[in-house]
Amino acid sequence: IVTFVDDQFTMEMEFFCTEDGVTGEDIGKALASVLEGQEIEGEVIQFDDVTYEFEGVALPNNISPGDTWEANVEIVMSSGAMKLITTNHARYFFEGYETVTTPAGDFETQKIITDMEVDVTAHFPAPGGELPIMSVQITQVTYYAECIGQVMTEGDTSLKLIEYHLP
């Protein structure tokens with residue numbers, strides 16, 4: 001479990017190692033915790049349920065600088081009859097190795113550049129009840145440390161690891 005902080009929020013995520021690589025299965029819960037309390041169409045968001053589907057891996061095993069891969073994420077956050085659906089298509093590039101410093105310490109990392117297309121849509125039960133919230137393209141740089149996972153992100157949102165717990 002890793003805990004990140006930026007100027008506006010603190011977020012916890014749990015990363016898992018699979019036979020294909022590292023995945024952040026808990027990202028839907030983390031995103032919901034950041035969005036809760038925000039307003040859409042004058043309504044304060046409180047989620048009853050969050051589901052998360054990840055196709056691919058955030059960081060494959062056995063990669064070399066110059067390698068590329070892709071992944072897709074869909075997060076459905078339900079609040080009563082309203083659903084907030086976030087889809088994310090990510091293209092990754094392994095640039096190389098770099099040492100980074102965070103409040104949790106210094107880490108030898110793999111530097112990954114990610115280009116993402118993110119779409120967020122609110123779905124309501126009323127006729128025509130689909131409201132596009134945003135559609136953006138984001139580029140970020142993420143640093144992964146062996147046995148820990150993501151330790152730092154730079155880009156539109158910058159996050160730095162403040163603590164981690166190994167099983």
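Modeller: Buried means under 20% relative accessible area, exposed means over 50%, and partly exposed is in between (1.4 Å probe, protein chains only). The model is predicted, so local features need pLDDT of at least 70, side-chain atom pairs count only at pLDDT 80 or more, and totals for chains, interfaces and linings use all residues. Residues are numbered from 1 along each chain as its sequence is written, and side-chain values use heavy atoms, with hydrogens and water left out.

Biologist: Why is glutamate 95 called partly exposed?

Modeller: Its relative accessible area is 40%. That falls between the 20% and 50% limits, so partly exposed is the word.

Biologist: What makes glutamate 95 and lysine 111 a salt bridge?

Modeller: A salt bridge needs a side-chain nitrogen of Lys or Arg within 4 Å of a carboxyl oxygen of Asp or Glu. Here the N to O distance is 3.0 Å. That is within the limit, so the pair counts. Glutamate 95 sits in strand β10 and lysine 111 in strand β11, so the bridge ties together parts 16 residues apart in sequence.

Biologist: How do you know that these are strands?

Modeller: Strands are DSSP runs of E with at least two residues, and helices are runs of H or I with at least four; both are numbered from the N terminus.

Biologist: Is lysine 111 buried or exposed?

Modeller: Lysine 111 has 16% relative accessibility. The limit is under 20%, so lysine 111 is buried. It touches residues including Phe93, Phe94, Val141 and Tyr143, leaving aside those up to four places away in sequence. Contact means heavy atoms within 4.5 Å.

Biologist: Which other glutamate forms a salt bridge with lysine 111?

Modeller: Glutamate 98 does, with the closest N and O atoms 3.6 Å apart. Glutamate 98 lies in strand β10, so this pair ties together parts 13 residues apart in sequence. At 30% relative accessibility, glutamate 98 is partly exposed. Shared partners join Glu95, Glu98 and Lys111 into one network.

Biologist: How many salt bridges does the structure hold?

Modeller: Three. One of them joins the side chains of arginine 91 and glutamate 117, at 3.3 Å from N to O. The two residues are 26 apart, with arginine 91 in strand β10 and glutamate 117 in strand β11.

Biologist: Why are the rings of phenylalanine 94 and tyrosine 97 called edge-to-face?

Modeller: Rings of Phe, Tyr and Trp (its six-membered ring) pair if their centres lie within 6.5 Å; planes under 30 degrees apart are stacked, over 60 edge-to-face, and the rest tilted. The structure holds three aromatic pairs. For phenylalanine 94 and tyrosine 97, the centres are 5.3 Å apart and the planes stand at 85°, so the pair is edge-to-face. Phenylalanine 94 is buried at 0% relative accessibility, whereas tyrosine 97 is exposed at 56%.

Biologist: Where does asparagine 62 lie?

Modeller: In the loop between β8 (59–60) and β9 (68–79). Phi of asparagine 62 is near 55°, a positive value in a residue other than glycine. Most residues other than glycine have a negative phi.

Biologist: Why is asparagine 62 called exposed?

Modeller: Its relative accessible area is 77%. The limit is over 50%, so asparagine 62 counts as exposed.
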